Amino acid sequence: MKTLFAGMILLLAGFFGINPTKLEPADIVFKNGNIYTANARHPNAEAVAVKGDRILFVGSNKDAQKYVGSKTRVVDLQGNTMLPGMTDAHYHFIGVGQREMNLNLEGITNLEDFLTKVKARVDQAKPGEWVTGRGWIETFWKPPVFPTRWDLDKISPNNPVFLGRADGHGAVANSAALKIGGVTKDTKDPFGGQILRDKQTGEPTGMLLDNAQSFVRSHIPASTEGDTETAMILANKRSIELGWTQVQDPGGSYRDVDLYKKLYGAGKLKLRIYKAVYGPGPEAQRLLNEGPIVGAFDHRFNLRTIKVVSDGALGSRGAALLEPYSDMPDSKGFLRVKEEDLLPMLEEALRKGIQVETHAIGDYANRFVLDEYEKALKAVPASERKIREPRWRDEHTQIVNPADIPRFAKLGIIPSMQPSHAIGDLHFAPSRLGIERLAGAYAWASFIKSGVIVPGGSDAPVERGEPMIEFYAAVARKDMKGFSGEGWHPEEAVTREQALKMFTIWPAYAAFEEELRGSIEVGKLADFTVLSADIMKIPEMEILKTHCVMTVIGGEIVYEAK
Ligand SMILES: [Zn+2]
């Protein structure tokens with residue numbers, strides 16, 4: 001009878017995957033934590049035990065003690081807040097590293113300071129050498145006007161200069177650079193791009209939007225492989241210090257993929273990266289032909305997504321709108337992809353189980369993407385798809401006609417959105433769009449209410465790319481000084497619980513990884529972000545003062561604040 005009873009216990013224990021007589025010792029036990037698990041069944045805990053790269057136990061300090069063996073490392077979290085490893089669902093990883101290396105024009109507030117900073121770089125350049133940089137954003141300048149070639153000619157009459165706006169959807173070139181690019185009064189606007197011109201003379205002002213940037217950009221010497229590697233290593237360091245454990249890198253090429261593989265192979269990248277390549281075109285075709293890469297380098301690297309760009313950005317008025325810009329009545333922006341190129345690729349992607357994510361800012365672009373996705377989903381029914389629920393994404397989902405919001409849930413399309421865009425853009429969006437069109441702009445809460453998930457991202461280096469700025473923006477919907485103006489729609493802010501999901505379990509779902517990561521649950525990858533304060537409870541403004549004290553990826557402490 002006794003042995004039968006013991007046998008039953010063992011059987012039950014086997015069933016639940018635990019061994020009550022002798023617990024497997026953990027490699028690390030984190031205790032005394034204020035832990036938010038993002039798992040609805042057990043939302044809070046004090047301790048976590050980790051074996052290898054997986055979570056072995058989640059619960060109380062007392063029960064965690066049972067997993068402490070002679071070789072177990074015990075980490076006292078000292079009451080700090082632990083979250084599931086935070087994920088940025090839209091983060092241009094290499095661009096973040098390049099920002100650290102190049103002329104960084106962020107934070108400038110007027111044309112004079114802009115020119116002073118650029119001049120310092122021009123003065124160091126060799127004759128004929130290109131001067132390039134990125135990060136300026138004139139909407140914060142007084143007055144908020146684009147710089148011109150003539151401004152730049154004053155500080156660089158000889159060296160070609162090409163400086164990208166923070167959003168990457170516009171750049172200013174000086175006359176030397178325009179000359180090399182062959183841009184003159186007679187150059188026609190390319191498809192999906194615009195050469196801004198002087199209203200009186202028709203001369204190009206130096207401002208090139210979206211695809212028009214290529215006239216000049218194609219002449220800038222490409223960065224070397226060594227430079228890109230350096231950028232990746234800098235981006236890895238910066239990202240894990242901020243508490244990111246995975247970033248989803250929207251767009252790029254197989255050249256990037258090869259470098260990622262090389263650096264993962266050499267153990268130089270710790271961060272998890274969910275990568276895409278651009279399409280339609282040869283990069284996307286290669287992914288369709290060769291198939292995805294899933295779970296490589298201990299689940300650190302995935303490539304299973306094609307990134308499409310359907311329009312420009314709101315700041316530079318390249319976003320494609322249904323009605324003209326309120327502050328430029330002769331323009332509705334423009335699309336950057338044609339249906340005849342896009343639709344066949346979408347259908348092939350469904351047949352081959354490749355995810356698609358499309359940049360869409362304007363209300364026309366968002367409707368276009370929904371229409372194209374819907375056509376492809378109809379043309380290739382679930383029975384003909386390699387993955388029945390393809391989890392296609394709409395990146396940014398910024399300005400959406402309210403009538404289109406319910407279509408996302410209906411079609412199973414994921415709106416992947418960036419809280420910091422709202423708190424920056426809403427300073428100028430009312431003039432671009434008028435107050436009325438802001439219903440449906442950055443509408444996080446309406447989307448969640450409509451029954452979809454909203455993975456959160458930063459779009460770094462367009463924005464800073466910091467988890468605390470994103471979390472604050474999502475819950476406060478005020479700028480970094482606490483300001484909120486007319487048309488900001490405070491009701492579109494999300495709850496802290498929703499914000500937690502936006503940067504943990506929802507991006508995991510958007511990457512087909514919700515069984516693997518995104519919450520603190522037994523069996524999942526041991527990815528954690530430990531913070532200096534309880535961002536689920538402290539006053540809003542204090543979220544911005546909170547910092548990462550520890551980052552854990554796959555059970556390894558990859559960053560610890562000194
Ligand atoms: Zn982006």
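How much space lies in the second largest cavity? The answer is about 40 Å³. A cavity here is a set of points on a 1 Å grid over the protein atoms alone where a 1.4 Å probe fits but cannot get out, and its lining residues have an atom within 4 Å of a point. Grid points are joined across faces, edges and corners, and the volume is the space filled by probe spheres set on the points.

Please note that this is a predicted model, in which local features need pLDDT of at least 70 and side-chain atom pairs count only at pLDDT 80 or more, while totals for chains, interfaces and linings use all residues. Residues are numbered from 1 along each chain as its sequence is written, and side-chain values use heavy atoms, with hydrogens and water left out.

To continue with the cavities: the whole structure holds three of 30 Å³ or more. The largest cavity has a volume of about 50 Å³, and its lining includes Phe146, Arg317 and Met328. That lining has four nonpolar, three polar and one charged residues.

I turn to the pockets. A pocket is an open set of points with protein on both sides within 12 Å along at least five of seven lines. The second largest pocket holds about 950 Å³ of space. Among its 37 lining residues, Ile137, Phe140, Ile423, Gly424 and Glu463 are the closest to its centre. Helix α15 (residues 419-425) gives the most to this lining, with five residues; helices are DSSP runs of H or I with at least four residues, strands are runs of E with at least two, and both are numbered from the N terminus.

Next, the zinc ion. Its protein donors are His90 (NE2), His92 (NE2) and Asp459 (OD), at 2.1 to 2.2 Å. Donors are N, O and S atoms within 2.8 Å of the metal (3.2 Å for Na, K and Ca); water is not among the atoms, so sites may look incomplete. His90 and Asp459 are both buried, that is, under 20% relative accessible area with a 1.4 Å probe, protein chains only.

Notes: Buried means under 20% relative accessible area, exposed over 50%, partly exposed in between (1.4 Å probe, protein chains only). Ala, Val, Leu, Ile, Met, Phe, Trp, Tyr, Cys and Pro count as nonpolar, Asp, Glu, Lys and Arg as charged, and the others, Gly among them, as polar.
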